[in-house]
Amino acid sequence: MGSAGFTLGQLAAALKTTVDGDVTRVVTGVAALEAAGPEHIAFVADGRYRLAALASRAGAFLAADDVQDLPAPVIRCREPRLMLIELLNLFHPPASFVPGVSAAARVASDARVHPTAAVDALAMVEAGVVIGARVHVHPLAYVGPGAEIGEDSVLHPHVVVRDGVRVGRRVIVHSGAVLGADGFGYTWDGSAHRKIPQMGTVIIEDDVEIGANTTIDRGTLGPTVVRRGVKIDNLVMVAHNVEIGEDTVIAAQTGISGSCRIGRGVVLGGQVGVSDHVTIGDGTQVGGQSAIFEDVGPGERVWGSPARPIIQAKRIAVLETRLPELARRLHALEVKLRRLEDDARRKGGGA
Amino acid sequence: MGSAGFTLGQLAAALKTTVDGDVTRVVTGVAALEAAGPEHIAFVADGRYRLAALASRAGAFLAADDVQDLPAPVIRCREPRLMLIELLNLFHPPASFVPGVSAAARVASDARVHPTAAVDALAMVEAGVVIGARVHVHPLAYVGPGAEIGEDSVLHPHVVVRDGVRVGRRVIVHSGAVLGADGFGYTWDGSAHRKIPQMGTVIIEDDVEIGANTTIDRGTLGPTVVRRGVKIDNLVMVAHNVEIGEDTVIAAQTGISGSCRIGRGVVLGGQVGVSDHVTIGDGTQVGGQSAIFEDVGPGERVWGSPARPIIQAKRIAVLETRLPELARRLHALEVKLRRLEDDARRKGGGA
Amino acid sequence: MGSAGFTLGQLAAALKTTVDGDVTRVVTGVAALEAAGPEHIAFVADGRYRLAALASRAGAFLAADDVQDLPAPVIRCREPRLMLIELLNLFHPPASFVPGVSAAARVASDARVHPTAAVDALAMVEAGVVIGARVHVHPLAYVGPGAEIGEDSVLHPHVVVRDGVRVGRRVIVHSGAVLGADGFGYTWDGSAHRKIPQMGTVIIEDDVEIGANTTIDRGTLGPTVVRRGVKIDNLVMVAHNVEIGEDTVIAAQTGISGSCRIGRGVVLGGQVGVSDHVTIGDGTQVGGQSAIFEDVGPGERVWGSPARPIIQAKRIAVLETRLPELARRLHALEVKLRRLEDDARRKGGGA
């Protein structure tokens, strides 16, 4: 938390916005509504949080223009989530680091490390690696032979970047992520699974973030490609030869099988599975735990295992819940029909 | 295995219980029923394993009072599972270690490492860290700036504890687990996903165990909290701002999305998915591969994707299996009804 | 890519096969059909890829005998996938390494490292370890006390092999995999979960490959066993006391619970979950995202959550899609039947 704090007037000036209330009030940090005390500014995303805000002990709020009658001064903004980011950056400036290669790091003599980059203790940088300006290679990270890390990227502790992988600019790779392990490919030769050498690589474009313990395998012949702006959560599996389009978001524990094409601006929920060679169109949204066995067009919303259009999938889920009732009704119909048939037969016979 | 072994009389004395049979028989280790030889004592959890015990070559058994007529001497006990733990600890005393900081470890000059703790070779302990009594930081583990590790805790090789994370006492963290990576939060600014700084931390209370390659993300503003006695298996994902109640058990590959509240004494099976902002009540049990999209009350038993009360879910699963039959019966009804209608129309027309 | 390249004649001679077309043409690398240029040879797995081959700019092809009329010279073969492996090994000979223990590695004085093996910088080899001929322990890998690594095996960066684990010959373990963490076992003692010591180990037989960030837990009393030739993808969980039969293939993110017996030649798709103590017979195939709660016999093909024989599962999936229609038809029947009953009553009453 910022030790000295800011007045609301200072914050509003920095954020280029206005204050409703006492501009001289000082806050020393940002906190959630329930946890905030008088020294905190708290964030009111929208009107749904108004009751929580009324109950909050926060000394100030950051809120949209349409959230009225709050119990403390308010910094106003039109897009509270974007302004929250700036507010947090005021209180917690991005971590700085001391450039240079630690004496306890291992860096190959022919690796090129930019003088503004840092390679921390117990990190390993292999032969032929190129590390760009202001890159931060944290302790115990590994960068394999011939890999390239673009400027302003961060490899957190215990990241593995295997040989030849190319990481773009402003990429964040979280601890335990593995980029460029062998793809999973074999051919049965009659008596054993023969390994297909995985000679391709991994290309991570700019502005990508990759979660902890996520794995992105190298391609068989060509590259596995993660395009600009993609955000991948923890424990995700991206198999060989996959291509993921720009600005796509992938939640935790999702798995994408080999040679899939995932479009731009796609959202995959958590624990989704995508079969191999599937294409998912731009802008499609896939609900959590869905299984995608076939191509999905652009702009669709699908859910379920197997995945179906979401309205259909929800209707099916409701009808599944009603299956016992439907079965009872079916049985009741059979009984009644039998009675009618018997009656008809009796009357027919009596005729 | 204990090299010299124990007589059954010695074991019974240590376990404060009795022996049925020859107290002078010597056993040198504990083994499973199928694998045991005459030199082993084998464990009979309950009467269901009696046949396996009769076929076993074990030289002795550990069994509950109601398992009778076993083919070798029996150490008796009322709670065989608890006594198995004590038996195993007799044969395999918990691993000891030599206190002290290895010359090949990297420990920041202002980190405080208790003299009874061990920091092994190639481990990294950053600035401001506090490491309690009898803590064991294994090789290649990483403890980030300002983190705290409570007494008697163990960080296995390749554990990552990121900056500011607080780990309680008697906590076991297995290899590859990552505590405190950034939560997964972005806001679309019209042209790109803007990262919401994740300024919170992770708090792990006492007596927690965390499995290999599990990830527990730091909160956005406040902490992600794992309460006393929670047991988490491998490859589990706990997202930012989650709180997990005391003594809850979470099986492998389960994922808990952001801001969930999981109660006390909950059991989540393997590969369960929980949507964000969901509350699960105390003592609830969730079957494997379930998907929880809505709050679940305390004490419930649910299963399925989407999860439903378990009796309902099982009934639905049975009816799904019977769907082909139900569809046939529906069709048969339609045919019969059409025939009845035709008959009625004919008779009506003929009247 | 091979810098100098080979003529097609040279390749055909090395592969013991023939060329359709100009044997003097030179290619410098292997590429996918879409990415290939005139300097590449591209692979045509079978006739389904013929159109892609016609559109390819490749300078040569590797194709089966029955793929005719390709637009460049063709190296012919009966089993293109097997020959692709040999072709790739010609252009990319398996990585070599310099034998010996790096001065920056940590190797216990009583560890036995074969003189033809390599232990790289920042790798850790503990007491009593045995490392066989031509083994490559990459940087930042960890081999725990008493573990054994068989000849020609590879531990990639950041692999963890815990104490006592036995790894066979020609085994490949990818980055972040953890072999031998504690199994997940507790007993409730009335007030807390008591940990059951996990005294067993892990045995990995020859010719196994283990994917990145996969975890294989040690057994409780005996070993967890992965038999010869098993191939395991990334982020897979193999729990304690499991046994996996020879040549079985397990796709990414699958989880196998404690004490399961998986047969030989089994194929488990991605994200499959197997409940504890389940037996799966030899040669059985399990579709992606299936949940196996009960034993499955040998040679079966199952799919779904819960898993059912695949033909039945697909029929059920179709009928689920038709549930809204079935419910409408059921309702229509009820309406018609009520009308018939009313008619019958009226007529009966009118009689």
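Good morning, colleagues. I begin with confidence. The model we are looking at is predicted, and its scores are ipTM 0.95 and pTM 0.96. Chain A has an average pLDDT of 94, and 98% of its residues score at least 70.

Let me turn to the arrangement of the copies. Chain B can be superposed on chain C by a rotation of 120°, with 0.1 Å of shift along the axis and an RMSD of 0.2 Å. The two copies are therefore related as by a three-fold rotation axis.

I now take the interface of chain A and chain C. Chain A contributes 64 residues to this contact and chain C contributes 56 residues. Together the two chains bury about 4900 Å², and carbon and sulfur atoms account for 67% of that area. One of the salt bridges is formed by A:Lys195 and C:Glu209, whose closest N and O atoms lie 2.7 Å apart.

Which elements of chain A give two or more residues to the side that touches chain C? They are strand S22 (186-188), strand S23 (193-195), helix H4 (310-321) and helix H5 (323-350). H5(A) gives the most, with nine residues. By class, this side of chain A comprises 32 nonpolar, 18 polar and 14 charged residues.

Next comes the interface of chain B and chain C. In this contact, 55 residues come from chain B and 63 residues from chain C. The buried area is about 4900 Å², of which 67% is on carbon and sulfur atoms. Three salt bridges are counted between chain B and chain C. Among them is the pair C:Lys195 and B:Glu209, with the closest N and O atoms 2.8 Å apart.

On the side of chain B that touches chain C, two or more residues come from each of strand S4 (29-31), helix H3 (80-91), strand S28 (231-232), strand S31 (249-250), helix H4 (310-321) and helix H5 (323-350). H5(B) gives the most to this side, with eleven residues. The classes here are 31 nonpolar, 15 polar and nine charged residues.

I close with the backbone. Where in chain A does A:Pro306 lie? A:Pro306 sits in the loop between strand S39 (301-303) and strand S40 (308-309), and a cis peptide bond with omega of about 0° joins A:Ser305 to A:Pro306. In chain B, a cis peptide bond joins B:Ser305 and B:Pro306, with omega of about 5°. B:Pro306 is placed in the loop between strand S39 (301-303) and strand S40 (308-309) of chain B.

One further residue deserves mention. B:Asn241 is not a glycine, yet its phi is positive, at about 75°. B:Asn241 belongs to the loop between strand S29 (237-238) and strand S30 (243-244) of chain B.

Thank you for your attention.

How values were computed:
Residues are numbered from 1 along each chain as its sequence is written. Chains are lettered from A and ligands numbered from 1 in the order in which they are written. This is a predicted model: local features need pLDDT of at least 70, side-chain atom pairs count only at pLDDT 80 or more; totals for chains, interfaces and linings use all residues. Side-chain values use heavy atoms; hydrogens and water are left out. Contact means heavy atoms within 4.5 Å. Buried area is the accessible area (1.4 Å probe) that two parts lose on being put together, summed over both. A salt bridge is a side-chain nitrogen of Lys or Arg within 4 Å of a carboxyl oxygen of Asp or Glu. Helices (H or I, at least four residues) and strands (E, at least two) are DSSP runs, numbered from the N terminus. Ala, Val, Leu, Ile, Met, Phe, Trp, Tyr, Cys and Pro count as nonpolar, Asp, Glu, Lys and Arg as charged, and the others, Gly among them, as polar. pLDDT is the predictor's confidence in each residue, from 0 to 100. Copies are superposed by least squares on the C-alpha atoms of residues with pLDDT of at least 70 in both.
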